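Here is a short briefing on one structure. Look over the sequence and the fold before reading on.

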Amino acid sequence: MAKRIEFSKTGDSDVLEWVDVEPVAPSAGEVRIANKAVGLNFIDIYVRTGLYPAPSMPSGLGTEGAGVVDSVGEGVTHLKVGDRVAYAQGPLGAYAELHTLPASKVVKLPDFIDFDTAAASMLKGLTVQYLLRQTYELKGGETILFHAAAGGVGSIACQWAKALGVKLIGTVSSQEKADLAMANGAWATINYTKENVVERVRELTNGEMCDVVYDSVGKDTWETSLDCLKPRALMVSFGNASGPVEGVNIGILNQKGALFVTRPSLNGYADTRERLEMMCQDFFAMIESGKLKIDVANRYPLKEAGNAQDALQSRKTTGSTILLP
Ligand code: NDP
């Protein structure tokens with residue numbers, strides 16, 4: 001038997017149970033991984049609460065982890081038992097000692113990345129890769145607004161933007177978070193619980209406003225975000241930490257300056273093996289170069305995943321959190 005986190009109904013973190021399960025042998029094209037560390041992501045909370053419905057119940061949870069290949073299904077050629085690997089996609093169930101998933105979603109870890117770093121950064125780092133390098137290909141010199149700049153994704157975005165020569169204005173909810181975002185390379189910060197974001201962006205940019213706004217907060221910030229853009233600029237709505245953006249009248253994009261809007265996801269960008277490998281190469285190179293340092297700020301035993309999710313959901317964490325089996 002092996003242990004995993006499971007839930008049979010959606011709700012608060014107390015729906016999560018630490019249960020014994022029979023390990024699943026990998027089918028053709030799959031591998032089984034003995035997780036050494038598991039990533040905690042806000043998306044896991046959307047799944048637990050039902051915003052992103054799980055395909056069946058009872059369900060596992062989590063899509064990010066790092067560990068050692070423990071068993072290999074038929075036809076898998078790029079991985080063997082004992083390989084050090086990581087993953088950020090695939091079926092729910094990463095919150096587990098053993099996780100079985102398609103080998104096509106699993107990549108070998110270079111020696112310079114340890115398991116904790118990988119679990120803390122695969123999903124968030126690949127997300128920042130597509131946001132800053134693909135959704136809008138930042139070249140340097142642009143000014144962007146990035147919400148929740150001291151969080152897991154935000155901490156990586158601050159460093160990557162700085163490395164690209166981009167001025168990142170980060171929103172945060174406290175002075176401590178502002179200090180962290182600045183230490184990570186933000187050009188300026190705004191405390192969006194106290195300051196008028198649009199006015200501050202106008203001051204900071206001498207009235208020019210932003211080339212791109214990256215908004216993972218959703219409901220609470222949608223309209224403010226649109227008001228921070230230059231004419232014909234891009235709004236990237238990529239998360240729902242405060243609730244989903246709903247009921248949008250598309251005419252608002254015209255009223256606020258012929259704006260563009262996109263709602264991307266990691267699965268929408270890393271949708272083929274080739275694209276996943278290309279994104280990993282770029283992301284791993286950023287770590288190897290030292291331009292990107294992953295802050296494994298919080299560690300919890302995997303069986304206490306509920307407490308870890310509560311801390312993330314109540315805005316108490318900064319940087320990345322990992323769960324240890
Ligand atoms: P974070 O560590 O960034 O935590 C979320 C942060 O959002 C909080 O720390 C908080 O920062 C801010 N926040 C603002 N309003 C709220 C609210 N009402 N409730 C809770 N938090 C709020 O999480 P992650 O790094 O895991 O993820 C960041 C975001 O990116 C999430 O929205 C996630 O869904 C999204 N995401 C999207 C992906 C995609 O491909 N589309 C992939 C990965 C992540 P503060 O206190 O400073 O406001």
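Buried means under 20% relative accessible area, exposed over 50%, and partly exposed in between (1.4 Å probe, protein chains only). Helices (H or I, at least four residues) and strands (E, at least two) are DSSP runs, numbered from the N terminus. This is a predicted model: local features need pLDDT of at least 70, side-chain atom pairs count only at pLDDT 80 or more, and totals for chains, interfaces and linings use all residues. Residues are numbered from 1 along each chain as its sequence is written, and side-chain values use heavy atoms, with hydrogens and water left out.

**Helix α4**
- Helix α4 spans residues 175–183, and its buried residues are K177, A178 and A181.
- These three cover an arc of only 105° around the axis (taken from the directions from the helix axis to the C-beta atoms), which puts them on the same side of α4.
- Q175, E176 and A183 are exposed, on the face turned away from the buried side.
- The buried residues of α4 pack against α3 (152–164), β10 (167–172) and β11 (188–191); contact means heavy atoms within 4.5 Å.
- G185 follows α4 and has a positive phi, near 110°.

**The sheet**
- Six strands make an open, parallel sheet in the order β11-β10-β9-β12-β13-β14.
- Two strands pair if DSSP finds at least two bridges between them.
- β11 and β14 (260–262) are the edge strands, each pairing on one side only.
- β13 (residues 229–237) pairs with β14 in the parallel sense over three bridges.
- In β14, F260 stands opposite L234.
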